[in-house]
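Please open the structure in a viewer and keep the selection tool at hand.

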Amino acid sequence: MSIDAAPTASGRTKPATGSPPGAGSTGVIEQEIRRIWEDVLKTKDFSRTDDFFDLGGTSLDLIRIFGQINEKYDLSLDGSVLEDDATLASLAGCIQSATHR
(Lines give C-alpha, C1' and ligand atoms only; values in the text may rest on other atoms or scores of the structure.)
Protein backbone atom coordinates (compact mmCIF):
# COMPACT_ATOMS: atom_id res chain seq x y z
CA MET A 1 0.00 0.00 0.00
CA SER A 2 1.38 3.42 -0.87
CA ILE A 3 1.75 6.23 1.62
CA ASP A 4 -0.93 8.10 -0.34
CA ALA A 5 -3.61 5.54 0.52
CA ALA A 6 -5.37 4.48 3.70
CA PRO A 7 -7.35 1.28 4.28
CA THR A 8 -11.10 1.47 4.86
CA ALA A 9 -13.08 -0.84 7.14
CA SER A 10 -13.76 -3.07 4.13
CA GLY A 11 -10.04 -3.41 3.44
CA ARG A 12 -10.11 -1.23 0.33
CA THR A 13 -7.86 1.76 0.08
CA LYS A 14 -8.81 5.36 -0.28
CA PRO A 15 -6.62 8.44 -0.63
CA ALA A 16 -5.15 9.58 2.67
CA THR A 17 -6.27 12.96 3.97
CA GLY A 18 -2.76 14.03 4.79
CA SER A 19 -3.81 15.15 8.26
CA PRO A 20 -1.17 14.44 10.87
CA PRO A 21 -2.11 12.62 14.07
CA GLY A 22 -3.85 14.97 16.49
CA ALA A 23 -5.01 17.28 13.74
CA GLY A 24 -8.66 16.57 14.43
CA SER A 25 -10.78 19.46 15.59
CA THR A 26 -9.33 19.41 19.11
CA GLY A 27 -5.83 19.45 17.61
CA VAL A 28 -6.71 22.45 15.45
CA ILE A 29 -8.31 24.23 18.40
CA GLU A 30 -5.25 23.49 20.51
CA GLN A 31 -2.97 25.00 17.86
CA GLU A 32 -5.10 28.14 17.67
CA ILE A 33 -5.23 28.51 21.46
CA ARG A 34 -1.49 27.90 21.67
CA ARG A 35 -0.91 30.92 19.40
CA ILE A 36 -3.06 33.05 21.73
CA TRP A 37 -1.15 31.82 24.79
CA GLU A 38 2.18 32.50 23.05
CA ASP A 39 1.10 36.05 22.27
CA VAL A 40 -0.24 36.82 25.74
CA LEU A 41 2.46 35.00 27.73
CA LYS A 42 5.27 36.20 25.42
CA THR A 43 6.81 32.72 25.25
CA LYS A 44 6.71 29.64 23.07
CA ASP A 45 8.46 27.50 25.66
CA PHE A 46 5.61 25.41 27.08
CA SER A 47 3.85 22.12 26.50
CA ARG A 48 0.17 21.31 26.23
CA THR A 49 0.21 20.06 29.83
CA ASP A 50 2.00 22.99 31.48
CA ASP A 51 -0.08 24.97 33.96
CA PHE A 52 -1.01 28.46 32.76
CA PHE A 53 -0.18 30.06 36.10
CA ASP A 54 3.11 28.18 36.44
CA LEU A 55 4.07 29.76 33.10
CA GLY A 56 3.66 33.20 34.68
CA GLY A 57 0.09 33.79 33.52
CA THR A 58 -1.92 36.25 35.59
CA SER A 59 -5.63 36.82 36.05
CA LEU A 60 -5.37 39.78 33.66
CA ASP A 61 -3.71 37.53 31.07
CA LEU A 62 -6.56 35.07 31.55
CA ILE A 63 -9.12 37.80 30.84
CA ARG A 64 -7.25 38.70 27.64
CA ILE A 65 -7.09 35.06 26.55
CA PHE A 66 -10.76 34.40 27.19
CA GLY A 67 -11.69 37.62 25.38
CA GLN A 68 -9.91 36.34 22.27
CA ILE A 69 -11.25 32.79 22.63
CA ASN A 70 -14.85 33.90 23.13
CA GLU A 71 -14.67 36.22 20.14
CA LYS A 72 -13.05 33.61 17.91
CA TYR A 73 -15.44 30.77 18.82
CA ASP A 74 -18.54 32.84 19.66
CA LEU A 75 -18.57 31.50 23.22
CA SER A 76 -18.95 32.94 26.70
CA LEU A 77 -16.38 30.91 28.63
CA ASP A 78 -14.62 32.33 31.66
CA GLY A 79 -11.60 31.37 33.74
CA SER A 80 -13.64 28.97 35.85
CA VAL A 81 -13.27 26.32 33.12
CA LEU A 82 -9.58 26.16 34.07
CA GLU A 83 -10.22 25.92 37.81
CA ASP A 84 -9.13 22.28 38.11
CA ASP A 85 -6.70 22.05 35.18
CA ALA A 86 -5.22 25.26 33.77
CA THR A 87 -3.53 23.65 30.77
CA LEU A 88 -3.69 24.17 27.05
CA ALA A 89 -4.96 20.62 26.57
CA SER A 90 -7.77 21.11 29.08
CA LEU A 91 -8.83 24.43 27.59
CA ALA A 92 -8.89 22.99 24.06
CA GLY A 93 -11.11 20.15 25.32
CA CYS A 94 -13.49 22.65 26.97
CA ILE A 95 -13.74 24.64 23.74
CA GLN A 96 -14.26 21.46 21.73
CA SER A 97 -17.12 20.44 24.02
CA ALA A 98 -18.70 23.90 24.01
CA THR A 99 -18.61 24.23 20.22
CA HIS A 100 -20.15 20.79 19.60
CA ARG A 101 -23.31 21.12 21.66
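In what kind of crossing, left-handed or right-handed, does H2 pass H3? Before selecting them, note that this is a predicted model, in which local features need pLDDT of at least 70, side-chain atom pairs count only at pLDDT 80 or more, and totals for chains, interfaces and linings use all residues. Residues are numbered from 1 along each chain as its sequence is written, and side-chain values use heavy atoms, with hydrogens and water left out.

Select residues 59-73, helix H2, together with H3; helices here are DSSP runs of H or I with at least four residues, numbered from the N terminus. The crossing of H2 past H3 is right-handed, a term for a near helix turned clockwise from the far one by less than a right angle.

Next, display the side chains between these helices. Phe66, Ile69 and Tyr73 in H2 meet Leu91, Ile95 and Thr99 in H3, where contact means heavy atoms within 4.5 Å.

Now select alanine 98, which lies in helix H3 (residues 88-99). Alanine 98 touches Leu75 and Leu77, residues up to four places away in sequence not being counted. Aspartate 74 is 24 residues from alanine 98 in sequence, yet the two are 9.9 Å apart in space, C-alpha to C-alpha.

Methods
Helix = DSSP H or I, 4+ residues; strand = E, 2+ residues; numbered from the N terminus. Axes fitted to C-alpha atoms, helices over the stretch in contact; angles between N-to-C directions.
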